[in-house]
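Colleague: I have just opened this one and would like a walk through the ligand sites. Could you take me around?

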Amino acid sequence: MTTPTATTAAAATPGFSLRARLFRPATRQKLLAFASLIALMVFFSFASPQFLQTDNLVSILQSTAVNGVLAIACTFVIITAGIDLSVGTLMTFCAVMAGVVLTYMGMPLALGITAAIFFGALAGFVSGVLIAKLKIPPFIATLGMMMLLKGLSLVISGTKPIYFNDTPGFTAISQDSLIGDLVPSLPIPNAVLILFLVAVAASILLNRTILGRYTFALGSNEEAVRLSGVNTNFWKVVVYTVSGGICGIAGLLIASRLNSAQPALGQGYELDAIAAVVIGGTSLSGGTGTIVGTIIGAFIMSVLTNGLRILSVAQEWQTVITGVIIILAVYADILRRRSSNKH
Amino acid sequence: MTTPTATTAAAATPGFSLRARLFRPATRQKLLAFASLIALMVFFSFASPQFLQTDNLVSILQSTAVNGVLAIACTFVIITAGIDLSVGTLMTFCAVMAGVVLTYMGMPLALGITAAIFFGALAGFVSGVLIAKLKIPPFIATLGMMMLLKGLSLVISGTKPIYFNDTPGFTAISQDSLIGDLVPSLPIPNAVLILFLVAVAASILLNRTILGRYTFALGSNEEAVRLSGVNTNFWKVVVYTVSGGICGIAGLLIASRLNSAQPALGQGYELDAIAAVVIGGTSLSGGTGTIVGTIIGAFIMSVLTNGLRILSVAQEWQTVITGVIIILAVYADILRRRSSNKH
Amino acid sequence: QQAQEIYIPLVSKGFQHQFWQAVKSGAEQAAKDLKVKVTFEGPETEAMVDKQIDMLSAALAKKPQAIGFAALDSQAAIPLLKKAQAAKIPVVAFDSGVDSDIPVTTTTTDNKAAAALAADKMAELIGKSGEVALVVHDQTSRTGVDRRDGFLNRIKSTYPNIKIVSVQYGGGDQLKSTEITKSILQASPNLKGIFGANEGSAIGVVNGVKEMKRNGKVVIIGYDSGKQQKNAIADGSMAGAITQNPVGMGYKTVEMAVKAIKGEKLPKVVDTGFFWYDKTNITDPKIAAVLYD
Amino acid sequence: MQPIVTIRDLCKSFAGVRALDKAQFDLRPGEVHALMGENGAGKSTLMKVLAGVYSKDSGEVLIDGKPVDIASPRAAQALGIGIIHQELNLMNHLSAAQNIFIGREPRGRFGFFIDEEAMRVETQRIFDRMNLRLDPHTPVGELTVAKQQMVEIAKALSFDSRVLIMDEPTAALNNEEVADLFRIIGQLKSQGVAIVYISHKMDELKRIADRVTVMRDGQYIATVSMADTPMDSLIAMMVGRQLTEVENDFPDTSGNEIVLEARGITRGAMVRDASFVLRKGEILGFAGLMGAGRTELARAVFGADPIDAGEVFVRSKKVSIRSPEDAVSHGIGYLSEDRKHFGLATGMDVETNIALPSMKKFVSMGVFIDQAAIEAAGKRYVKQLNIKTPSVHQQVRLLSGGNQQKIVIAKWLLRDCSVLFFDEPTRGIDVGAKAEIYRLLNELAAEGKAIVIISSELPEILRVSHRVLVMCEGRITGELTGREASQEKIMQLATRREAAATA
Ligand SMILES: Nc1ncnc2c1ncn2[C@@H]1O[C@H](COP(=O)(O)OP(=O)(O)OP(=O)(O)O)[C@@H](O)[C@H]1O
Ligand SMILES: Nc1ncnc2c1ncn2[C@@H]1O[C@H](COP(=O)(O)OP(=O)(O)OP(=O)(O)O)[C@@H](O)[C@H]1O
Ligand SMILES: O[C@@H]1[C@@H](O)[C@H](O)OC[C@H]1O
Ligand SMILES: [Mg+2]
Ligand SMILES: [Mg+2]
């Protein structure tokens, strides 16, 4: 039998009683997935008095936003058994396009936001077509797109950052705090709010809609889906398009945080995003995955990075430790699933 | 049905008459794989008078050496349906270890060479164990190793380059020309000679030995191989170990070329290597692949880079064009295979 | 409170380059001399503006007494700098300035002026006419842009007979810079000089020229120091190079920060200077002091 | 009566293989039309053309007398053609209900959300109709092959097709499940649904088929009435020659040396305290219902899965078998029931698959592979087992199901083990080949090899076993000698649940 996995689409379908749901293997696994995160946080809290301070927690949240949104975009693609190496440079491309619309063309904010998401979706669409229609392996199609988009961002921006100084309210997207305005003791930046909104929307999309169903189905057995009369190519293109659109949101978040579109940034971000997805229990071989897991994965990454910095660990050792922890976190997830399958 | 592939282990096995071999689909495909390379070369020859000069051709050869050797290392892993993101930083790690042995410890050259290959194999062994025994997906295991090795290189070298000034003959590994000494009109640097020796050895290993046979078999259906009484974990570890050792050779080549071990270099090289492998017709889903293809893939990459530079194309456009060509080259390969499967 | 050690984190633009390691060593020297604690970190590439912001924000969370900061983007960090200001943490800018009056002082090299000096030297060495190329480390980072523009502008304004045939970027990666140099040489058989805009680029240029057997025929001017660059100058394969004073920059940054903590008045800019060095003055103690291995 | 489907002169070639050569077929409403032929005769290919999976090279397909071009599975569905493929086509990570409704999910609010509840109710309704006790929410990856096959059938039924193609639907089913299926087929027939039924199980065909079309080498041979045609002449049409039956002569092997003994093998709830001995030269049958734990027991002894308790002795010496490698090194071979996933590297060629367990035999100087010897061995077995393949260099995935099964057998024959577990060795194999396999089993036993055969087809167990062990719910519930064994006795033991056993 193929390796049994607990976090399946099926197991993620809504059940009937809360109790029953809590004790399903899938749920138990998700709860346990918090374990690595909690373990890290407990460790850092003891190791450094600064770690648990509100300011620092807020900055962890803030620093999770971009990677979290990119990881959500990746989750869709990875569940189809694909991969997307272009998310980082695509994010930048979207930021640049927002800059073109807002700063170069002086359009209103709403149009800039639309442009970022639109161009993200467009690029995702292109990747999707390359993969679904031309049958180019996702790794290569998105590697090509990664370079293409990186180059285009530089070309379009004239290799210079585009600043958003003339668009009032642009930095608010990421930096202000609607929640903090309501509850002053919770100065959670909007970027984090947006991350959670995207997560909720993505979760609904994945678990309740046709798109989500086909996303899992494609990753589970594409040929079977095709033989069932589903236009698999079409749906694959849709998945990459949606994923691209989500990268557009990440582009807005980072641009708003930096008050600028930095055209050279982006490469390397895809690995962080993919790591978050896999740490969160989504399998690279497709068919399984959850958004909650991805968010936990993204937090594990940013807590780790932040904690090591707070502890003033030498930077080269930070790299070593991060490498080891990524492997351990995924291993913990594998052990957890193995045991939750034994009951 | 899955996309049919012609270049299988089986099809690559030696036949009996040359004629029969030339007309096998696999061979035809290999010959055709040159097409993209030739097309690129013809294009650049027309576009720039400097392109076809001996000097430049030698430069292209020289610049293919490191990526070519890394790509050969990747080929083994990819044929098992794995992936190795750590080849770039592993190469650097090996260069640093050679530096430790030669410069810090003042040992003789042969020991430095042995150290580079040994530590490469050791790191490959660790990746192999993570993947085969702990069942960590190759993408993640080697992502973790990538970071781990990068950090270790910095730690061990004290974030400083290690120079090989005290090791006479070290630069000769890469830069001198044994062939040029014999045939002065062919000043092919040793690095290229080494690339070809590694390629021939790898080719024999893949097509004539039991290791090679299991490499293909693992990529085709690991569980079936295990149930045939083969110790699949053992062989997988061997594959990663061999691949690591080959990265050690790449480490020597680059260190010898730069007369130093540069600890910060390496990340990003894995993508070039993987691109070369896939352009060369090895499938990322495993079970098929050839070393000849990989070498052609590596040459396509370096001819492209060299040609665009010779034409003084703006760098941002170079990136765009490279992205597009990678996609096109793989697409051409797909079309070629599709048509060679028709008869 | 008094017994607690003064802590000053330095958030830099990078950490792997020898240049930044030299800044770090200067800072550590100052820390020893002034009995304070410093940490030094920077993102992997000079493109990672947001990673640097995260570092700055983690540095602030550590409640330091002062901060040293080399901004990758002069505007992006302003909200955090305001936070530092509100928390009464003095910020000392180093390497390049921030578009803001929050930093109490800036210890910097004028990269544009330094590159212009490199251009003058190049012109002098090639007889004020001929083809010249640039191998720069980065297309978007401040230092890359300033050095490129400082060089190009001086050539354009002062040396009409010098033609810039190519400007390419190798990410400071020695191997890539080597390959780039070789293709530039291939494309321009009459090339007279190449400027390598940082250590990795300069070494790459030296390697490339050597591999193409054009040594002696092409004037190479470098930037920064490091063992290989010093060797190249000593053996004549490189005509000379600009060096900044990274050790001094690191030292001054910490020194200024300590002064700021003590409430002393500081100059707006502390110019740590740059120097031309070549075979003739490389052993001069004043120059040797600002070079690093 | 106007046929629903008429196929004329259909041709279809694959790389190097002419799968269909002017094939013909016609199908009338309300009939069960059997399609018979040896492995590789082209049955599945013909049906795949009809179901829009393959496009035809030439020829005609008419639906209700009108020529059609069935370009995709979707187009076939639109024409009312449903198919149960020979190979399972399920999404393991999705639930049974989700699998059944893939592509036709009932929409709830806004036409955007999926109405999971409606899907569950509808699935439950189909399951009830099939007498299938299965939670629609179970991920199909957790089901046994038999249950998965039932889900496939449920899916095909849910389409309410006018034409239903069943390509070996019972290969993995037990008698009760088969009976349920036949009952449903009866209902469908009475509603005018036309059914194409492909199977290698002759008794089934006798029971339900109205007409039979026989194919050979991609060509049409004849269409005859089932009732009026004796089985022998059908088989003769299929294989083009007369078959001789092999009789079970029940040799007494009770005095032979014990080559393998398993004691107290336990693995979770699936195998519980199972002990047995296996003697040189005997064929030991393992009977039981689907899911009785026979496969699990064999895999446990073979080291494919870790065990919780138990010991294995080879020639009275205790051995530690922790992996298939250990087992093979002790001369034990195992042919999996799931050839696609566990038996073959389908992307590799015939000769490599055959040589896979024996690779070390083909090594010279410690590392180099003797390719010519592998090729020779491959050719030898292709000939011996009459495997239909253009050459030993053909990729296995391009062969028909039955021929793939023969390759699995070939690889273990080449390995020359003293103990061989055959798990459902004739699944999907045609009558002619089946007879060859039985003959082969007898020959191997006569040579002194010890053979275990796991089969869910009782006639098969009875025909070849010298001794029969019966399992139920993970335990061995009884032993019968070949001579005393009968369907009734076996069924009795196979349904002896724990409570009954201890009583
Ligand atoms: N995709 C394919 N590519 C190449 N050859 C194929 C392909 N599919 C089937 N064939 C070949 O076509 C022939 C007919 O195969 P088919 O699967 O139709 O046989 P079948 O009658 O269904 O046999 P079985 O009873 O074993 O299932 C066989 O020789 C097979 O090897
Ligand atoms: N991967 C799996 N996950 C959950 N249960 C399983 C799995 N594989 C087998 N089982 C269960 O283990 C029991 C034994 O199955 P096994 O396949 O060994 O039976 P069998 O007698 O060989 O029958 P079959 O002819 O179906 O193979 C069954 O109850 C089955 O449901
Ligand atoms: O070496 C370079 C240094 O001189 C500059 O100031 O920052 C970027 C570095 O690459
Ligand atoms: Mg068939
Ligand atoms: Mg079984």
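Predicted model: local features only at pLDDT ≥ 70, side-chain atom pairs only at ≥ 80, totals over all residues.

Colleague: Which backbone atoms come up around ligand 1, and at what distance from an oxygen atom of it?

Modeller: A polar backbone atom of Gly42(D) is 2.9 Å from an oxygen atom of ligand 1, and for a polar backbone atom of Leu398(D) the distance to an oxygen atom of the ligand is 2.7 Å. Taken alone, ligand 1 exposes 640 Å², of which the protein buries 92%.

Colleague: How many residues surround ligand 1, and which element gives the most to the shell?

Modeller: The ligand is surrounded by 20 residues, with Gly40(D), Lys43(D), Ser44(D), Thr45(D) and Leu398(D) being the closest. H1(D) gives the most to that shell, with 3 residues, and the shell as a whole divides into 7 nonpolar, 10 polar and 3 charged residues.

Colleague: Ok, now the magnesium ion. What are its protein donors?

Modeller: The protein donors of the magnesium ion, which is ligand 4, are Ser44(D) through OG and Gln86(D) through OE1, lying 1.9 to 2.0 Å from the ion. This pair links distant parts of the chain, since Ser44(D) sits in helix H1 (residues 43-50) of chain D, while Gln86(D) belongs to the loop between strand S6 (81-84) and helix H3 (96-100) of chain D, 42 residues apart.

Colleague: Why does Ser44(D) count as buried?

Modeller: Ser44(D) counts as buried because its relative accessibility is 18%, and the cut-off for buried is under 20%. Gln86(D), with a relative accessible area of 22%, is partly exposed.

Colleague: Switching to ligand 2, why is that site shared between chains?

Modeller: The site is shared because residues from chains A and D surround ligand 2. In total 15 residues surround ligand 2, and the closest are Met270(D), Gly291(D), Thr295(D), Glu296(D) and Glu337(D).

Colleague: What lies 2.8 Å from an oxygen atom there?

Modeller: A backbone N or O atom of Glu296(D) does, and so does a polar side-chain atom of Glu337(D), while an N or O atom in the side chain of Thr295(D) is 2.5 Å from an oxygen atom of ligand 2. The protein covers 77% of the 630 Å² of accessible area that ligand 2 has on its own.

Colleague: And what does the predictor give for confidence?

Modeller: The predictor gives the complex an ipTM of 0.88 and a pTM of 0.90. Chain D averages a pLDDT of 90, with 97% of its residues scoring at least 70.

Methods. Residues numbered from 1 in each chain as written. Chains lettered and ligands numbered in written order. Heavy atoms only, no water. Donors = N, O, S within 2.8 Å, 3.2 Å for Na, K, Ca; no water. Helix = DSSP H or I, 4+ residues; strand = E, 2+ residues; numbered from the N terminus. Buried < 20%, exposed > 50% of the residue type's maximum accessible area, 1.4 Å probe, protein only. pLDDT = per-residue confidence, 0-100. Near = heavy atom within 4 Å. Polar contact = N/O pair within 3.5 Å; in protein donor to acceptor, adjacent residues only side chain to side chain. Areas by Shrake-Rupley, 256 points an atom, 1.4 Å probe, with all protein chains shown as cover. Nonpolar A, V, L, I, M, F, W, Y, C, P; charged D, E, K, R; others polar.
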